[in-house]
Amino acid sequence: MKLKKQVTVCGGAIFCVAVFSLYLMLDRSFLASPVTFIHFFPWGPFPPNRIEQLEQLLEENHQIISHIKDSVLELTDTGAVSPSGQLPFRSANGSWVLPFDGRPTFLSVKPQDCQFAQGHRGQTDLQMLDIYSLLKFDNVDGGVWKQGFEITYEPGEWDSEPLQVFVVPHSHNDPGWVKTFDKYYTDQTQHILNNMLVKLTEDPRRKFIWSEISYFAKWWESSDTHKQEAMRKLILGGQLEMVTGGWVMTDEANSHYFAMIDQLIEGHQWLEKNLGVTPRSGWAVDPFGHSATMPYLLKRANLTSMLIQRVHYSIKKHFSSSRSLEFMWRQAWDTSSNTDIFCHMMPFYSYDVPHTCGPDPKICCQFDFKRLPGGRVNCPWKVPPRAIVDANVAERAHLLLDQYRKKSKLFRSKVVLVPLGDDFRYDKALEWDQQFLNYQKLFDYMNSHPEMHVQAQFGTLTDYFSAVYKASGVPQGFRPPGYPVLSGDFFAYADREDHYWSGYYTSRPFYKTLDRVLESHLRGAEILFSLAVAHARHAGMEGRYPTSDYTLLTDARRTVALFQHHDAIAGTAKENVVIDYGNRYLVLFNPVEQDRLCVVTVLVNSARVRLLTEDGQTLPVQLSAQWSTATQMSAEASFMVRLPALGLAVFHLYDSADSPMTLRSDTLLRLSDRGLTVHNVEPLPLRSQAADPLPFYVSTQSLTLGFSGTTGLLESIRRKDSPQEVKVQMQFVTYGTRSSKDKSGAYLFLPDGKAKPYSQKGPPVVRVVEGPLFSEVVAFYQHFQQTVRIHNVPGADGLSLDVTIMVDIREQSNKELAMRLVTDIQSDDTFYTDLNGFQMQPRRHFLKLPLQANFYPMPSQAYIQDSQYRLTLHSAQALGVTSLESGQLEVILDRRLMQDDNRGLGQGLKDNKKTANRFRFLLERRSIGNKVSHFPSLLSHMTSAILNHEVLALPVLPKKRGIPPLHTFAPLKAAVPCDFHLLNLRSIQHQQDTNSPSSYTALILHRKALDCGLETINPGFNCTTTEGQLTVSSLFRNLDLQLLQPVSLSLMYSSPPLGNDSSVSLEPMEISAFRLRLR
């Protein structure tokens, strides 16, 4: 039975979710191919039970695919324009010229939309880059507080205003670290929560805070209604506070802001539905350094205060000495105070009990009553705690109060915060009694002796912040008088000596790559699913659409959320396979909110390939070799397509006799070893020649690249509009680890000195491929394979270098492999790295710091620049990056380390996998007279989108009874302004039925800031800006907008609805969320 045309996307949405779920089920496996742009099913040899499972899942998904075949009718506007059928040809200089695409494009960026990047950055009291310049980082012994200084006070300082003490019990539960998530829950977390229910109920003065909603949700769903009601009563009564409220305590160095927001929404939506509570305070005690992105996201989610802990000890000491540990954290680009959020920085070494009551851990440890004699944990300072009894309570109370007073001297108010907990604490009922009973005796004594001038109690995090605001005479979240304003971030983190936690920026890059792929697939599934439900509703077929698949989407959200935890989770690799394209359709999904002109590459099992558009036009296909080794090959097909924004386009790929539109790549092997033999696939042409030291070049209509004849590595880039050849020399170097007791591990980077040039015994095999759609150079080395590809297409896809470094260091020992780019750009000691893919942060190479301290996280890009050029290294995975010399960028690709670094993991990094690190190199020229700015250009934003949101290819087998009526789906009626990013279109869960979506959808938008000072080049699509205005009602084709309501970022707070025809307005850098009802 045929369905209405508006339901076209239904099958695509379900399939996207299903493909995504397969990723999750099969040991979360992924292996990126160095030669393919589209990741098909990346699986291979399995144990027999896995093969059966895979076959069953694939059969199920073939049935799911039928939703596409059965639900599509003809669409009047396909939205997909194929290139002209004319043949590509070679120009006089040997480069390929493509036929005209057939659709003119224009670029119109309003001057007002460029002013933000050109303006001055906001002024703050504390700018972290300036503080780094100021500090000596000399690590002077501070006495009992080793990393600080001696603290003194006058006894009468609290006579007129007593000290308020809030002891905040907590338990930090990592969702997977040394044990798995489920193992931790079974062994410890469920007992913590069960004991919490009993022990907090025993005394209303007892308080506790909880952060990780992933664990709490698991406990809640396994508890009966009596337990649930008792826990709800504790929360609503203020004894238990949910802090931050994310699904996990997210990593802040490697996570992308899409995933950070998504896990926050997942946690907050769960809290709203099940408990009806809204978190007010952020709690981040264990991320290894802190990003400026997190305070912005918390502020947009309507939290008023936050706490951080893991900050370089020298910065803690500096802030302590100036009583600047509490500050308003402001975004560096904010020229007002709209992004300010109140932040508390813990002053001492750790968040465990010995380092939270005051500066002397020897004394504080005596008040961790889990360490009472006879237990399994003791105090390293050899002075154990003593149970509080009448005979010692006075002496014990005065000793503890002395620590409280000294800690309070580091802050500006007479309110002190004392966390009481550690990792997986309070899992035994005994500890609850030990801590709460002994502390209550101390509090009772203090509070009953006015001469001590203290009021001590258990409290939640918000209890503490509320007291600070009240003492300062300001409302919640407002700046207390005299408190400083800070901008910047807190990387790299060092906890002692020169032990910098900059190794984990790269550790296990396989999973960092997997994480980013899963995020893109999740976002695609979210968008398609929301559109599918809305179109089904519009067609009056809501009841017939299989919305039960919403549970797959929920599972996917939560799995990706777990990836964002600061200790990360692991998976297993699977081999890549070639799909048989005897006769099948390709449904291509473009996850970007702009039309996209790009090259798509798929693996094929035959060199007899023909490709048709939906309306029957034959497309030019570049047939190339897919290489399994340096000299063994099969086949792949590449073609240029224009895809609708956030849409699906259909192509027919089949085995056919030779067509003049099928063009074979010209492949040359540069061999130094004459003994090598080459095994080719007919009829792909292949030549070989002896390598020579002279440089060689490959070109497209936009770029010419120079390569070393000796190494096969990139040497230079020249743009077609410039006569100047710019040096961009690619080098590979290795780091060892020091020979002393302290060595590099999963967290720490402790190199044995400067990097050494990578070397191997023989010269590499170099492969040069040239064709009409792309050209590439591949250099094969023992431990890595470098592929540099350039696309011969108009627009953004053809203006950068597509670079893949396939790394395999499994036979190495205590080695780290790095890629270094050496240029003539006069960048001096300054470079720029992104924070979570959201914003750029200026960095400086400091000679006073050790080498490892100058590495920073690079979740998505880094660049160097001078008055003429900017070179941006876009990355498809989070890695560590630095610039150790002017004109250089260096990125760590993989690390293999044989020992633990004594930070609790208990193992080295020995589970390396063959990993494809993917990049885009973008060389831009600055317009004359334009000053340097700290924001990416429009082209740079688009390049990042191309890299991180690849076209997703869904292969579809025709039905036996005939050709399926597949058609292009173009969901957007109007173009999205090209400085807007549609971060997500997320179906909101039903309040009663958690397995189904509600009638509401969350639209999350980000308006990006543009550096317009770099020369603007045709991006390949119609690009306009609108001064931040967007009319949502005119955005979606064939859908009616029935509600447009601004909401907080995690959807918990709502503003009055806007008129359905209203325009929404975003400032540059702003992220905003809206609740929609589409029909």
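A word on ground rules. This is a predicted model, where local features need pLDDT of at least 70, side-chain atom pairs count only at pLDDT 80 or more, and totals for chains, interfaces and linings use all residues. Residues are numbered from 1 along each chain as its sequence is written, and side-chain values use heavy atoms, with hydrogens and water left out.

Helices (H or I, at least four residues) and strands (E, at least two) are DSSP runs, numbered from the N terminus. Two strands pair if DSSP finds at least two bridges between them. Contact means heavy atoms within 4.5 Å. For angles, axes are lines fitted to C-alpha atoms, for helices over the stretch in contact, and the angles run from 0 to 180 degrees between N-to-C directions.

If you want to zoom in, β45 and β46 pair over eight bridges, in the antiparallel sense, and Leu985 stands opposite Leu1003 in β46.

Now another sheet. This one is open too, with six strands ordered β4-β14-β10-β11-β9-β8, and its pairing is mixed. Its edge strands are β4 (126-127) and β8 (281-284); each has a single partner strand, so one side of each has no neighbour in the sheet. Over at the β8 end, β8 pairs with β9 (residues 305-308) in the parallel sense over four bridges. Gly282, for instance, has Met306 in β9 as its bridge partner.

Helix α5 (residues 181-202) and helix α13 (residues 429-447) have axes that come within 9 Å and cross at roughly 40 degrees. Angles under 35 degrees count as roughly parallel, over 145 as roughly antiparallel, 65 to 115 as roughly perpendicular and the rest as oblique. So α5 and α13 are oblique to each other. Their crossing is right-handed; the rule is left-handed if the near helix is turned anticlockwise from the far one by less than a right angle, and right-handed if clockwise. Who's touching whom? On the α5 side the residues include Ile192, Met196 and Leu200, and on the α13 side they include Trp432 and Phe436. The contact residues divide into six nonpolar, one polar and three charged. Here Ala, Val, Leu, Ile, Met, Phe, Trp, Tyr, Cys and Pro count as nonpolar, Asp, Glu, Lys and Arg as charged, and the others, Gly among them, as polar.

The other neighbour is α12 (residues 393-408), whose axis comes within 10 Å of α13's and crosses at roughly 85 degrees. That means α12 and α13 are roughly perpendicular to each other. Leu400, Leu401 and Tyr404 are among the α12 residues in this contact, and Tyr439, Leu442 and Phe443 are among those from α13. Its tally is 11 nonpolar, one polar and two charged.

What about disulfides? There are four of them, counting a pair of cysteine sulfur atoms within 2.5 Å as one. One joins Cys114 to Cys1012, with S to S at 2.1 Å. Its S-S torsion is about -80 degrees, so it's left-handed. Cys114 sits in the loop between β3 (107-108) and α3 (115-118), and Cys1012 in the loop between β46 (997-1007) and β47 (1023-1024), so the pair ties together parts that are 898 residues apart in sequence.

Two backbone details to finish. A cis peptide bond joins Phe491 and Ala492, with omega about -5 degrees; Ala492 is in the loop between β14 (485-487) and β15 (494-496). And Lys382, in the loop between α11 (361-364) and α12, has a positive phi of about 70 degrees although it is not a glycine.
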